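Welcome! Let us walk through this structure together, one stop at a time.

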Amino acid sequence: MAAIYSIYIIDKSGGLIFYKDYGSKGRMDTNDSLRVASLWHSMDAISHQLSPTTGCSGIELLEADTFDLHCFQSLTGTKFFVVCEPGTQCMDALLKVIYELCTDYVLKNPFYEMEMPIRCELFDINLTQALLKDRVVLLGR
Amino acid sequence: MIGVGKIKQYSNILDKPLSKGKQEVSLSAFAFLFSELVQYNQTQVDNIAELERRLEDAGYAVGARVLELLCHRDKGNRRETRLLGILSFVHSTVWKVLFGKVADSLEKGTEHEDEYMISEKELLVNKFISIPKDMGTFNCGAFVAGIVRGVLDGAGFPAVVTAHFVPMEGQQRPRTTILIKFAEEVLRREARLG
């Protein structure tokens, strides 16, 4: 069964604007999650330099022994990444769904200030719904 | 919109028939525009009551124009004189044209004779908006309340219209109620008309 450990959203300057963890594994306190976010932002930037060919758009997937990290970068530089169990399918689709939810319930919210942490009730509600639906789809396979 | 192939040219723009226009507008475009309207007004005011009033005023202007347009387009220049008539006009026709569907329900207030309520599970203007906790009972539906007030005022039924959140059991999001409180003269006239 698919397990998602946590979801992060970073703005284009590398600051963490959204962090949510699921389950007891991989739980982090605020400071650690901020550090991880800026670490990831720097690694992504370094990957542009490391690439042997031109036109590298960033890191999409990081595979480790105990987890996978899928990352999606929007055209504006906002990065969405999810830490999940190794071998989890359909994470790219999930990231795109989260991106769409962000544009809908965060960016169209007049009370959200750009580059600030996301505190939108509707975004949380819809994110939870999207994940539940996602799990149902994965279970059905 | 004068379509391609129509030969008749109008010398005076006032003679051109009122077009039906595009039936659909992008929801995202409207949401962004409305979000900017709220943000702009937020910079101009000091408190929440003032912000609600500004949104209502913006809606009032829309309501007045919508009434004129719909009277001409949909009702053949007939005027509503009865209370229930104008309320069902707002509840069905106005809502259909503005939001693409009729309002969820129209109720008469139980406590006061002059109160009526139009309820909606989720107002279209509020679809993407999450009110922060520190704003209390502020509702961007004040814009829609202003539209209703504009329509009623223009039709000769002065009223005080406000938008409220009504928490529902079993639902995460509260439903929205537009509360319409008619002026004395409206009720007197209605009683006289029998």
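**A walk through chains A and B**

Leaving aside neighbours within four places in sequence, H70(A) is in contact with E60(A), L61(A), F80(A), F81(A), V82(A), C84(A), T88(A), M91(A), D92(A) and L95(A). Please keep in mind that you are looking at a predicted model. You can find H70(A) in strand β4 of chain A. Is H70(A) buried or exposed? With a relative accessible area of 10%, H70(A) is buried, because anything under 20% counts as such.

Now turn to helix α1 of chain A, which covers residues 30-50. This helix has 21 residues and reaches 30 Å from its first C-alpha to its last, close to the 30 Å expected at 1.5 Å a residue. Which residues of α1(A) are buried? They are S33(A), A37(A), W40(A), D44(A) and S47(A). If you look down the axis of α1(A), these buried residues fall within an arc of 85°, so they line one face of the helix.

Next come the aromatic rings. A search of the whole structure finds 14 aromatic pairs over all chains. One of them is formed by W40(A) and F81(A); this pair is tilted, with 5.5 Å centre to centre and 40° between the planes. The pair links distant parts of the chain, since W40(A) sits in helix α1 of chain A and F81(A) in strand β5 of chain A, 41 residues apart. W40(A) counts as buried at 3% relative accessibility, and F81(A) counts as buried at 1%. Another tilted aromatic pair is that of F72(A) and F80(A), with 6.3 Å centre to centre and 35° between the planes. F72(A) is buried, with a relative accessible area of 17%, while F80(A) counts as buried at 1% relative accessibility. Ring pairs also link Y8(A), Y19(A), W40(A) and F81(A) into a cluster.

Let us move on to chain B. Here an open sheet of four strands has the order β1-β2-β4-β3, with antiparallel pairing. The edges of the sheet are taken by β1 (105-108) and β3 (159-166) of chain B, each with a single partner strand, so one side of each is left without a neighbour in the sheet. On average, neighbouring strands of this sheet are turned by 20° against each other, direction ignored. Strands β2 (residues 115-120) and β4 (residues 175-182) of chain B run antiparallel and are joined by six bridges. In β4(B), T177(B) is the bridge partner of S119(B). Helix α3 of chain B (residues 83-99) packs on the sheet and touches β1, β2 and β4 of chain B. The direction of α3(B) makes about 15° with that of β2(B).

Our last stop is H72(B), in helix α2 (residues 48-73) of chain B. H72(B) is partly exposed, with a relative accessible area of 43%. Not counting residues up to four places away in sequence, H72(B) touches L18(B) and N77(B). Along the chain, H72(B) and L18(B) are 54 residues apart, and their C-alpha atoms are separated by 9.0 Å.

Note on methods: Residues numbered from 1 in each chain as written. Chains lettered and ligands numbered in written order. Predicted model: local features only at pLDDT ≥ 70, side-chain atom pairs only at ≥ 80, totals over all residues. Heavy atoms only, no water. Helix = DSSP H or I, 4+ residues; strand = E, 2+ residues; numbered from the N terminus. Expected span 1.5 Å × (residues − 1). Buried < 20%, exposed > 50% of the residue type's maximum accessible area, 1.4 Å probe, protein only. Arc of directions from axis to C-beta. Contact = heavy atoms within 4.5 Å. Pairing = 2+ DSSP bridges. Axes fitted to C-alpha atoms, helices over the stretch in contact; angles between N-to-C directions. Phe/Tyr/Trp six-rings, centres within 6.5 Å; stacked < 30°, edge-to-face > 60°.
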